[in-house]
Amino acid sequence: MNLTLKIWRQKDSKAKGQMVDYKVTDISEHMSFLEMMDVLNEQLVNSGEEPVAFDHDCREGICGMCSMYINGEAHGPDRGVTTCQLHMRMFKDGDTITIEPFRAAAFPVIKDLVVDRMAFERIQQAGGYISVNTSGNTQDANSIPISKHAADEAMDAATCIGCGACVASCKNSSAMLFVGAKVSQYALLPQGQVEAVDRVKNMVAQMDLEGFGNCTNTGACEVECPKGISLENIARMNREYLSATLKG
Amino acid sequence: MALDSKVPKGSIKDKWTDYKNHIDLVNPANKRHIDVIVVGTGLAGGSAAATLAELGYNVKAFAYQDSPRRAHSIAAQGGINAAKNYQGDGDSTYRLFYDTVKGGDYRSREANVYRLAEVSTNIIDQCVAQGVPFARDYGGLLDNRSFGGVLVSRTFYAKGQTGQQLLLGAYSAMNRQIARGKIEMFNRHEMLDVVIVDGKARGIIARNLITGEIERHSAHAVVVGSGGYGNVYFLSTNAMGSNATAAWKIHKKGAYFANPCYTQIHPTCIPRSGDYQSKLTLMSESLRNDGRIWVPKNMEDVMAIREGRKKPTDLSEDERDYYLERRYPAFGNLVPRDVASRAAKERCDAGYGVNATGEAVYLDFASAFERYGREQAKIHNITNPSDEKIYELGQAIVEAKYGNLFQMYEKIIDQNPYETPMMIYPAVHYTMGGVWVDYNLMTTIPGCYCIGEANFSDHGANRLGASALMQGLADGYFVLPYTIGDYLSTDIRTGKISTDSKEFEEAEKEVTERINFFVNNKGTKSVDYFHKKLGKVMWDKAGMSRNAQGLTEAMAEIKAIREEFWKDVSVPGTANEMNPELEKAGRVADFLELGELFAKDALMREESCGGHFREESAELDGPQKGEAKRNDEDFAFVAAWEYKGEPADAVLHKEELEFKDIELKQRSYK
């Protein structure tokens, strides 16, 4: 298929960006979206132009590095996939595709489609851990039974890949699905209880400090999340937060 | 320099404990004055960085990604081995040790492997304490699954995302130390050289990938945990950015590179579909627990399937060749990876491949649907269930176990694997070879350590499933933090290492000159052009089976590609900005050297062992006819190569392998 691409080009974080049109031809429907971008970039390199910078790494939907906003949707029109797993069979010959970076005040553009997600790092550093040193003397892994249900729910929350699609999809640029997932993982496990109060307070405080907006329950994040992280995690975080503030 | 593995004396069971009791320690007050650089933040680097910081060292950690959480360990699916014996099926430290040495085709160092098996149980305890949500059974205890090449169930897992969960555990431990200021994290930075001062590794030169700035970083020791070199094949299951540059740079500065030819070609990957393909996708080996691998028995059926006249589900049981079950009745579909891969290649080379490229076999879950379905029907007291009901109940169980893998397959291939068998084909996955290290995990450069997939140590010539995660975390959490103390104990009076020395200046100059060369070369061909060309030579001549003629040709061809690369590579953009093409150019330049050494090593090793299959060395008759033939008399050694300029001139050093606790046998899975 032949396609027109409208791509956001921006030299660096200070430069003013703009949409630029490109044409690609003979795209196979079996290609992934990023392989289509490879074709474009090979074309640009061969004509001496600078290729489009975009984040990507594992190309199997798990590292969370890729972050394109395609035709107005984070990771494009398919559901339950990252950009690297989006396939060209979702598009038609002659289509015009608009490709932008994830947009949020807390995710400044570094170059073209590459954004800075350090805000997520700082939120994790504020409390996204259990304080246990490595010793080889922790108790046996089976000494605390955890119900299968709780373990499975914790796993569902922990499956977040930290890509930021939730933020990019939210009209408030809220990071509550991301933070809620981490808070939930630990809240559902006995190991997470000891630090539960401080964790949720610190992570939420950092989230606010980074300039992410609040949740107004539109649910766009859940729809666009490539890993299907559920809104329940936001509700659980709110409960944890409320109970933490009451505990002082 | 003679190779000294520094394996401690004593019985294998006591070596590690005795050794730990007698090595020098650094007192907590002194640790505050010692800096350690960790390059790479996957399972090995991330766990090492966190643990060293917990101990009190000042850690500087480097990742080329925008977060440690994105290292490619994240993509490991199936699980992690540990000799917990929670299933009561006879597992033990010795058995894990034995399986790993045997699985590695007797080409690993006994003492290292025993230690690995010994600390494996600590890893599970540690990860559970960190909040890693491993799969559990209904009683609330940890669940296990089995993996290829072993007869017990010792693999712990978190759905099909075990690597992700373990990495996020190590990442959380890192975050705690970053928050405390004990780890200084350098995201989007790439190490471009190691700096040696007075014979010791004392720092690195790194490039800030956002600004292009070249930076000097000093430390008392440098730890490289930068992963494997599978991307030398261009197409592999590695991440696009996975590279050998850090490992190769230390090799060029004096670290020997061991067994580069030991590569694992993983049997269960999604087949390739076209020339545009940028990477191959693996599906966990755990699928072989429940999936049965087959191709049609008759050539007419192969043709009918390829032409779309028949569907695989149209073939009756006796029209199918379950070739692994046929050839290896004892292990069946759970033979080790190298054996499964070669068997698939054998069938496809014979013309029985089931897709258009002729490079695919079926992985079929129909019998698992039925088996689980009947079991569930019993559990739910459904009498006389219909076939549809059984299928439906069985599918639900398979979905719970492998749902994400089935979904991934469907997204890529656009076929529903619940309705039709999956198609799979082997792909490059893991590299057992790597930087040579002694028992302390130190390279031949004093003060320079290498951990995880980047080193050569524990898997011999073939890695068993679910052992990579085990080794990465063993090295980072439980081995390196001890052994590095022994070395650093002599450094307590050294003080801060200055970056103003002539050694730093020279290293920086070299790095800058190379970068400037690339951006000014203005050639006519892209970096990927050369990378793909290299990959094709590697796959065709140093892939699943190898011979002397092909390897000799490969060496010459790779050298020619390298020469063309340095003349004609085109790198747009400038040095002082984010420039992905420039990053790739540096990595491919290193792969173009490593590839040649790889072929040289494969040519030297005139035996078949593990992932290295030499066509000249196969059993000619008897029950093992056609199987790989190892040569213990002449090749029971680690090949450690010393850099001498051109890869062809590398000098071989041998570390003879002694097997005191395990008898060398032919690896039979029949």
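**View 1. The two faces of strand E18(B) in this predicted model.** Phe637(B), Ala639(B) and Trp641(B) point one way from E18(B), while Val638(B), Ala640(B) and Glu642(B) point the other way, and all are buried (under 20% relative accessible area, with a 1.4 Å probe and protein chains only). In a regular strand, side chains alternate between the two faces of the sheet. Because six of the six residues of E18 (residues 637-642) of chain B are buried, the strand is largely enclosed by the rest of the structure. Strands here are DSSP runs of at least two residues, numbered from the N terminus.

**View 2. The neighbours of E18(B).** Strand E10 (residues 257-258) of chain B runs antiparallel to E18(B), joined to it by two bridges; pairing requires at least two DSSP bridges. Here Phe257(B) has Trp641(B) as its bridge partner. Six bridges link E18(B) with strand E19 (residues 651-656) of chain B, also in the antiparallel sense, and Val638(B) is partnered by Glu655(B).

View 3. Chain A is divided into domain 1 (3-111) and domain 2 (117-247), with bounds from an automatic or database domain assignment. Contact (heavy atoms within 4.5 Å) takes 22 residues from domain 1 of chain A and 19 residues from domain 2 of chain A.

**View 4. A salt bridge in chain A.** The side chains of Arg117(A) and Asp55(A) meet in a salt bridge at 3.6 Å, N to O (a Lys or Arg side-chain nitrogen within 4 Å of an Asp or Glu carboxyl oxygen).

**Notes.** Residues are numbered from 1 along each chain as its sequence is written, and chains are lettered from A in the order in which they are written. In this predicted model local features need pLDDT of at least 70, side-chain atom pairs count only at pLDDT 80 or more, and totals for chains, interfaces and linings use all residues, while side-chain values use heavy atoms, leaving out hydrogens and water.

Notes. Buried means under 20% relative accessible area, exposed over 50%, partly exposed in between (1.4 Å probe, protein chains only). Helices (H or I, at least four residues) and strands (E, at least two) are DSSP runs, numbered from the N terminus.
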